[in-house]
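Here is a short report on helix packing and aromatic pairs. Please look over the structure first.

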Amino acid sequence: MSERPSAPISLSNWIKRARVYLSRDDYLLCAIKILLALTNRLRHIVGSDSSVQINDSCDASLSSWSDSMDNADFLPPSSDEKKAGGALSSPLSLFRIEDIVSESVVVFVQTNNNRDLSSPDNLVATEVEIVQPNNAQDSNLCDVFETPQLSQRDACFALGKILFEVFSETSSQFLDEMGQQNNEGSLGNLHIVDTDSNKQSNDAPKIIPVGVDEQDDLDDIALPELKRAFISSTTHGNSPTKSIKANEYLQSQNLPPSICQLVSDLLAAEEGNPFVPDTALVSLEEAQQDLLQIKSHPERFLDSHSCPRKALDDTALFDQADEVLYGRDKELGILTKMATRVHLHAQSPERKDFLCEAAFISGHSGSGKSSIIKRLVSYGNANDWSVFFCKFDRQVSPLSILIQSFDAYFEKFIPNQVGGVYLPREPSMQDMFDRISQLIISSVDNDGFCHLCQLLPSFSQLFPMASQYAHQRNTQIGSVAGQDDLLAGFMKQTSQVTNASSAGNIGSGRNRLIHLLHTVIKAVCAGGHPVLVCAEDLQWADAFTIDVIGDYIIQTAGYYSSVFSSDKNSCGMMLLGSFRDDEVPEEGFLMDKIKLLEETQGSINVTRLFIGELTEQDINGMLSFKFCLLMRHTQELAQLVYLKTRGHPLFFVAFLRSMIRGNIISFSVKARRWTWDDTAIDLQMISEGVAEFLTKKLKRLPNDVIETLKVASCFGQVNMSIIQLLDSGQFVPNMLGALDLAVTEGIVEKAGPIFAFSHDMLQESTYNLIP
């Protein structure tokens with residue numbers, strides 16, 4: 001299918017047409033894409049050579065379209081454009097801030113031959129270019145001179161004016177009119193009041209901030225606030241007023257708060273403005289990042305956000321499950337590639353061996369291991385994998401949990417009933433069930449199948465005749481037992497051997513159970529779909545349960561697979577296990593099995609992943625997404641939250657919940673956004689959970705840092721005089737450097753020249769390390 005042709009149209013005309021023929025949501029999305037391309041083009045212009053030498057032939061490269069911009073929807077191509085195949089350009093360094101207006105921005109839209117702009121499909125932009133209007137060229141253009149480069153700040157302000165025009169349904173000249181109106185009788189946020197009509201004309205008027213009564217004592221108002229208000233209201237060009245007024249106007253149009261704030265921040269960058277707020281955008285790169293963030297998540301940043309309840313639900317901090325996984329892109333990328341290899345192997349008609357991809361995820365409690373496993377389980381279910389999921393628990397037998405995961409898998413084959421009549425399975429499901437059941441039946445004897453019916457209750461519904469036979473047989477021999485009793489019988493070993501015939505029975509129960517479970521796994525692997533086995537919290541599994549899974553992989557995919565398995569129909573397996581690294585000994589049976597898998601030759605690929613704490617940047621991304629605010633506006637909050645939680649996901653959620661419950665972080669209906677008190681957050685003590693988490697990190701610190709902390713724990717807090725005194729002796733070398741590292745790890749906090757432990761538990765734990 002051939003690509004549709006592109007036609008140029010000025011941005012001002014695109015705005016007029018798009019507002020008529022596009023829905024509000026579609027208009028915002030299309031506008032963001034255009035503005036993102038425009039920002040990228042401005043970055044190219046600002047980043048070009050700062051000056052250019054113009055000669056007699058320079059005017060040949062300038063486009064001469066401006067005469068036709070207001071006469072037609074589509075712009076006629078210049079001769080240079082025809083030669084270049086449609087590309088429009090001007091010498092980059094010739095641009096001035098006056099040239100960056102909507103009339104000089106050309107949007108290329110995909111259109112059909114009749115170029116009908118009444119169709120929404122014909123308003124999709126493919127490219128953006130900026131051209132100079134003819135009136136920008138003076139009579140001395142071809143003389144040799146230097147043209148000053150367009151600055152970042154100028155470009156940001158010009159971009160802000162264009163954004164205002166795109167979203168406000170009015171011209172950017174409206175901003176200048178607002179500024180002129182504001183200068184009549186007021187100075188920005190300060191009203192000029194004549195306090196005494198009898199005063200001489202040379203007496204200065206009284207300046208009173210907006211919202212302050214004339215009779216109020218101005219001494220009660222902080223002088224810095226008055227000074228800041230006065231400076232922001234009397235700056236050249238009144239640009240703070242423009243940005244504030246623009247924000248207010250866009251808010252009145254019920255535009256998304258992220259759009260209102262972005263336009264305001266760009267307008268606050270006007271050159272010559274001595275007062276630049278902290279949120280002012282003076283970098284095109286940051287503006288591009290904001291637009292890219294809005295484009296990537298329009299559902300978060302293009303919503304009006306007027307309902308506090310909905311805003312709270314969007315955070316997914318209380319009742320809702322958070323489906324977004326933050327700060328784990330690298331780990332998810334590795335696991336996705338592993339799953340893709342297994343998936344491609346399963347689809348390959350030429351596969352001749354068994355492929356296993358094994359990943360073992362370690363990390364602290366609450367670090368997010370379960371969230372990663374859930375993401376892989378969702379991937380497997382969405383791609384028709386055979387998924388086994390077991391989460392081990394210290395209160396339940398590990399083998400029982402493994403067998404329950406087998407039973408849960410086979411339950412999906414139980415057909416639905418309507419009026420007591422079983423409905424037929426889907427053809428693909430029936431084919432898969434036939435493969436698995438035939439292989440199981442052909443691989444075990446009658447006793448073995450009877451045992452499987454007892455171990456897996458779902459078999460009684462899948463194979464009612466066989467289950468009935470097994471029950472009758474067990475009744476005859478007086479061996480009717482439940483699953484737990486049967487497992488106990490399998491695991492029981494003969495402690496006394498009376499004759500040679502009974503000697504062979506030692507361990508036979510275990511071996512038979514392993515054979516039955518391996519038969520089930522093998523049958524599922526040959527069912528025509530790849531297999532995903534997820535084993536969560538392996539620190540609570542026993543050696544036998546781990547052997548059931550590990551030995552099957554080694555025997556089937558390892559070097560001696562030809563001896564143990566002749567089946568070539570297996571689609572492959574992905575094993576995904578997780579455990580707490582601080583609860584699994586390095587020389588324990590779990591680590592030994594992982595090492596054995598790594599050393600086994602064959603089609604086994606083993607990957608170890610450690611899930612650490614989230615970075616400050618990850619925290620900022622989480623706050624931005626949950627509060628629907630651009631990352632620039634949550635950066636300072638992210639720094640505070642990171643200091644209080646040390647990037648631990650579980651503590652992060654708990655901390656935000658406590659801040660919202662305490663109304664320190666709240667949703668403002670007037671501002672239509674989340675607001676917070678930085679000072680109140682900074683004063684919060686870290687929780688005992690964070691302190692306990694940091695205590696575990698003590699032993700991992702370098703020895704010189706631990707020794708320094710031992711000394712500091714005797715004082716409680718140390719200042720520079722104590723540090724200098726101890727450094728001069730033989731106590732601890734470079735005590736100041738060691739304390740700085742402890743601050744980085746969150747063990748110690750620094751307030752001016754004073755170092756203090758961030759929690760009493762940390763000081764006590766460190767003190768207890770002293771022999």
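How many of the 13 residues of α14 are buried? The answer is 11, so α14 counts as mostly covered. This comes from a predicted model.

**Helix α14**

The buried residues of α14 include P398, L399, I401, L402 and I403. S405, D407 and F410 are also among them. The length of α14 (residues 398-410) fits expectation: at 1.5 Å a residue it should span 18 Å, and its end C-alpha atoms lie 19 Å apart.

**Helices α4 and α8**

Helix α4 (residues 152-168) packs against helix α8 (residues 257-267) at about 145°. Their axes are 7 Å apart. The crossing is left-handed. On the α4 side, the contact includes C156, F157, K161 and F164. On the α8 side, I259, L262, V263, L266 and L267 take part. The contact residues divide into 11 nonpolar, 1 polar and 1 charged.

**Aromatic pairs**

The structure holds 18 aromatic pairs. Two of them are set out here.

| Pair | Centre to centre | Angle between planes | Type |
|---|---|---|---|
| F164 and Y249 | 5.9 Å | 45° | tilted |
| F410 and F459 | 5.1 Å | 85° | edge-to-face |

F164 lies in α4 and Y249 in α7 (residues 239-252), so this pair ties together parts 85 residues apart in sequence. F164 is buried, at 0% relative accessibility. Y249 is partly exposed, at 22%.

F410 lies in α14 and F459 in α17 (residues 459-462), so their pair ties together parts 49 residues apart in sequence. Both F410 and F459 are buried. Ring pairs also link F410 and F459 into a cluster with F388, F406, Y409, F413, F433, F449 and F463.

Notes. Residues numbered from 1 in each chain as written. Predicted model: local features only at pLDDT ≥ 70, side-chain atom pairs only at ≥ 80, totals over all residues. Heavy atoms only, no water. Axes fitted to C-alpha atoms, helices over the stretch in contact; angles between N-to-C directions. Helix = DSSP H or I, 4+ residues; strand = E, 2+ residues; numbered from the N terminus. Left-handed = near helix turned anticlockwise from the far one by under 90°. Contact = heavy atoms within 4.5 Å. Nonpolar A, V, L, I, M, F, W, Y, C, P; charged D, E, K, R; others polar. Expected span 1.5 Å × (residues − 1). Buried < 20%, exposed > 50% of the residue type's maximum accessible area, 1.4 Å probe, protein only. Phe/Tyr/Trp six-rings, centres within 6.5 Å; stacked < 30°, edge-to-face > 60°.
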